[in-house]
Amino acid sequence: MEPERKKIDPSITWIANYCKHCFTCVAICPVDNLFFDEDELTSRQKCIQCQLCMKYCPDFALEVVPRPKVRRSPTKEQEIKSTPAGEISSKSVLSTTREGSRQ
Ligand code: SF4
Ligand code: SF4
């Protein structure tokens, strides 16, 4: 029979039957995300998905599945920084031209 898996966080699943309450996961979490509420392992919902708790749990009671990162389009400042020195990106020329034409 499959053990009962409890989703305590969007990326963390905990199996209560496997857990011996050793507190290793609570102690090792770098962002203090895990704590026990009575007998229940609980998440403060600030997991950074480093998987340390899963790796160090001696009883394989935790599973952390990192969620895919959402890529954001770069800001104008990041675009300019990533342009090789001496070159001006076409976007920054365009925006300069537009800003210049307003004056
Ligand atoms: S995956 Fe990392 S941040 Fe998330 S609960 Fe485990 S140890 Fe903490
Ligand atoms: S490390 Fe594993 S066995 Fe220990 S308290 Fe955390 S979930 Fe339970």
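**Figure 1. Strands β1 and β2 pair in the antiparallel sense over four bridges.** Two strands count as paired if DSSP finds at least two bridges between them; helices (H or I, at least four residues) and strands (E, at least two) are DSSP runs, numbered from the N terminus. This is a predicted model, in which local features need pLDDT of at least 70 and side-chain atom pairs count only at pLDDT 80 or more, while totals for chains, interfaces and linings use all residues. Residues are numbered from 1 along each chain as its sequence is written, and chains are lettered from A and ligands numbered from 1 in the order in which they are written. With two residues between them, β1 and β2 form a hairpin. Lys6 stands opposite Trp14 in β2.

**Figure 2. An open sheet of three strands has the order β1-β2-β5.** Pairing in this sheet is antiparallel. β1 (5-9) and β5 (62-64) are at the edges with a single partner strand each, so one side of each has no neighbour in the sheet. On average, neighbouring strands are turned by 25° against each other, direction ignored; axes are lines fitted to C-alpha atoms, for helices over the stretch in contact, and angles run from 0 to 180 degrees between N-to-C directions. Three bridges join β2 (residues 12-15) to β5 in the antiparallel sense. Ile12 stands opposite Val64 in β5.

**Figure 3. The largest nonpolar core has 12 residues.** They are Ile12, Trp14, Cys25, Cys29, Leu34, Leu41, Cys47, Cys53, Cys57, Ala61, Leu62 and Val64. The elements that give two or more residues to this core are β2 and β5. A nonpolar core is a set of buried Ala, Val, Leu, Ile, Met, Phe, Trp, Tyr and Cys residues joined through C-beta atoms within 7 Å. A residue is buried if 20 or more other C-beta atoms lie within 10 Å of its own, exposed if 12 or fewer, and partly exposed in between, with C-beta atoms placed from the backbone. Trp14 touches Lys6, Ile8, Cys19, Leu41, Ala61 and Leu62, not counting residues up to four places away in sequence; contact requires C-beta atoms, placed from the backbone, within 7 Å.

**Figure 4. Cys19 is found in the loop between β2 and α1 (24-28).** Cys19 is partly exposed because 19 other C-beta atoms lie within 10 Å. Beyond residues up to four places away in sequence, Cys19 touches Trp14, Leu41, Asp59 and Ala61. The C-alpha atoms of Cys19 and Pro58, 39 residues apart along the chain, are separated by 8.7 Å.

**Figure 5. The shells around ligand 1 and ligand 2.** A residue is near a molecule if its C-beta atom, placed from the backbone, lies within 6 Å of it. Around ligand 2 are Cys19, Lys20, His21, Cys22, Phe23, Thr24, Cys25, Leu41, Cys57, Asp59, Ala61 and Leu62. By class, this shell has eight nonpolar, two polar and two charged residues. Ala, Val, Leu, Ile, Met, Phe, Trp, Tyr, Cys and Pro count as nonpolar, Asp, Glu, Lys and Arg as charged, and the others, Gly among them, as polar. Of the 14 residues around ligand 1, Cys29, Cys47, Cys50, Leu52 and Cys53 come nearest. The ligand 1 shell has 11 nonpolar, three polar and no charged residues.

**Figure 6. Asp32 and Gln49 have positive phi values.** Most residues other than glycine have a negative phi. Phi of Asp32 is near 55°; Asp32 lies in the loop between α1 and β3 (34-37) and is exposed, with 10 other C-beta atoms within 10 Å. Gln49 has a phi of about 60° and sits in the loop between β4 (40-43) and α2 (52-56).

Note on methods: Two residues are in contact if their C-beta atoms, placed from the backbone, lie within 7 Å.
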